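Colleague: Happy to go through this one with you. Could you show me the sequence and the structure?

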Amino acid sequence: MSASLSQDSRDQNLNQDSPIKSLAIPPIPSGGPTSANADTNMIKGFVQGIGATLTKGRRATTQLWTNYNLVKDIRSRYKSDATSVSYDEFSLMQRGVEDRWKVLNVMSLMFFASDVAPYALMFYPTMLPSTFSSRFYVPAEGEETQTGPSPAYIQELVQSDLNRAHAVVESMLSLERSCVKPSFLEGLNPFGKSASQKKMSSLRSVSQIVKNMMHLKPQNALAELEQFAFHPDPTSRKVQRFAHAPKPLISGLAKCNNVGVGPIPLPNFMLRAQLVKHMDKLESYDSYLLSQLSKSPDFLDTLSASCIIELGSDRCVLSTSHSVRDVREGVRTWLENAGRQEGYEGVVVEERRRFVKVLGKAIMLGVNCVQGVREERGESELVREMFRGGK
């Protein structure tokens, strides 16, 4: 069995009640000889860096091919019985599909636009398959390993926590601005005043819904908002791809989930496509986890801290000031809500409306994002104090 499929037992010794950001340990020093000559050290470090990069690239490529062969066996077992596949195997199966497409994209970029390939990889490192990421990197056999998350990964989580708080505030400001003033392009159209007024009226209704949600607890807010996941035409492509959702909410939800984030902002239609892809991923993972929980109610307790941190981050239930135990309970609550939403499938309410899964997932993420900003242990102290108000 590949090392990438083994349960990460190294973090079993971690304190489940400690804040996640305290779990990172400093990188292991190389222990090599030092020199008083700074220039010599710089050149030596540059050469060693190139060597380390080439070594990691060779291992990552080898692991990519190994994973490809493993995924074929995992998929056949998953089709016959989903509960026979471990979480690590299921996660590898999901990443395997993405990795193959990423390989094709990178090869196409190298062939047709080799001049811009280095810049694309620098600004969008997630273009590479997951085996090239330090998040999923597996040390070679016999290589010295660490006993906790890497400092780089913890720093990434801290930054995501801050970005989520700022994205929520920016989204609300943008939504409120759109309620009273048309966009620049809409203002250029002398015949579109009526349509602009109608759009702003619709945005004011959405703004009122968000305002009312602020006064509710997460569970109550979710119950209030789930009614908007029912739609008269659930199979419509526009509904499935959030075409009717206001742009500020799409942008805010994408930033909160690190979807489409990069130095160059993506157009709204591309953000929506990336967001739908993220919802589909959550739906796949939730279906698998619910099937495992139906067989073994304690399944989440058997997952390692690394797996729980990853699940919590994808569902916006993670703050680096939380403990692993807190995040595990947050994921459990998410799955309880996801299981309840599965019961809505096929249910017809007034006006012949049916439940749309992608809208349900978006609402759950939105509630978690807002709650994360108001969370007492969130990273963004200034935003949190503004939300909570004075004593």
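**Helix packing and an annotated stretch**

Colleague: This is a predicted model, so let me start with handedness: is the crossing of α2 and α10 right-handed or left-handed?

Modeller: Gladly! The two helices are α2, residues 87–112, and α10, residues 268–295. Their crossing is right-handed.

Colleague: How are α2 and α10 oriented, roughly parallel or roughly antiparallel?

Modeller: Their axes come within 11 Å and cross at roughly 160°. Angles over 145 degrees count as roughly antiparallel. That makes α2, relative to α10, roughly antiparallel.

Colleague: Which residues of α10 make the contact with α2, and what is the make-up by class?

Modeller: On the α2 side you will find Tyr87, Phe90, Ser91, Gln94 and Glu98. From α10 come Lys281, Ser284, Tyr285, Tyr288 and Leu289. By class, the contact of α2 with α10 has five nonpolar, three polar and two charged residues.

Colleague: And how are α10 and α12 oriented to each other, roughly parallel or roughly perpendicular?

Modeller: Helix α12 covers residues 324–342, and its axis comes within 10 Å of that of α10, crossing at roughly 95°. Angles of 65 to 115 degrees count as roughly perpendicular. The pair α10 and α12 is therefore roughly perpendicular.

Colleague: Which residues of α12 make that contact?

Modeller: α10 brings Leu282, Glu283, Asp286, Ser287, Leu289, Leu290 and Leu293. The contact of α10 with α12 has seven nonpolar, two polar and three charged residues. Those from α12 are Trp334, Leu335, Ala338, Gly339 and Glu342.

Colleague: How far apart are the end C-alpha atoms of residues 103–124?

Modeller: UniProt, in an unreviewed entry, lists residues 103–124 as "transmembrane region". In the model this stretch is 77% helix and 0% strand. Its end C-alpha atoms are apart by 14 Å.

Terms used. Residues numbered from 1 in each chain as written. Predicted model: local features only at pLDDT ≥ 70, side-chain atom pairs only at ≥ 80, totals over all residues. Heavy atoms only, no water. Axes fitted to C-alpha atoms, helices over the stretch in contact; angles between N-to-C directions. Helix = DSSP H or I, 4+ residues; strand = E, 2+ residues; numbered from the N terminus. Parallel < 35°, antiparallel > 145°, perpendicular 65-115°, else oblique. Left-handed = near helix turned anticlockwise from the far one by under 90°. Contact = heavy atoms within 4.5 Å. Nonpolar A, V, L, I, M, F, W, Y, C, P; charged D, E, K, R; others polar. UniProt positions renumbered as here; feature names shortened; annotations may be inferred.
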